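Please look over the sequence and the model shown here before reading on.

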Amino acid sequence: MSQNNPHQKEELYAVVVGLVQGVGFRYFVVQRAHALGIHGYVRNDSNGDVEVVAQGTRSALEQLLALLRQGPSAAQVQDVQATWRQPTEHVSGFHTRW
């Protein structure tokens, strides 16, 4: 009988598909993640997608997920493939990976 702790850290792995590179998407994600107190990283994938690994509370991650589906004004998000999982590595801060 396990209770969900609202302060327990979870991890959101998301792949954002669409016109999401060259439009400030990574900067947008970093800014929003910092505002929500989320740790993790964002990076461009070689196929044109943007990959996000974010760690935080479920409510903060759900807010970030909603923002990923919207994106910055210049982006055209077609799909966000989201996977919920337990954090596998400790990530401090939120930054862009290359």
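What follows is a short exchange about this predicted model.

Modeller: Residues are numbered from 1 along each chain as its sequence is written. The model is predicted, so to read it: local features need pLDDT of at least 70, side-chain atom pairs count only at pLDDT 80 or more, totals for chains, interfaces and linings use all residues, and side-chain values use heavy atoms, with hydrogens and water left out.

Biologist: How many aromatic pairs does the structure hold, and is the pair of Phe25 and Phe28 stacked, edge-to-face or tilted?

Modeller: Rings of Phe, Tyr and Trp (its six-membered ring) pair if their centres lie within 6.5 Å; planes under 30 degrees apart are stacked, over 60 edge-to-face, and the rest tilted. The structure holds one such pair. Phe25 and Phe28 have centres 6.0 Å apart and planes at 55°, and the pair is tilted.

Biologist: Are Phe25 and Phe28 buried or exposed?

Modeller: Buried means under 20% relative accessible area, exposed over 50%, and partly exposed in between, with a 1.4 Å probe and protein chains only. Phe25 and Phe28 are both buried.

Biologist: Which ring does the charged end of Arg97 sit over?

Modeller: A charge sits over a ring if NZ of Lys or CZ of Arg is within 6 Å of the ring centre and within 35 degrees of the ring normal. For Arg97 the distance from the centre is 3.7 Å, and the ring is that of Tyr41.
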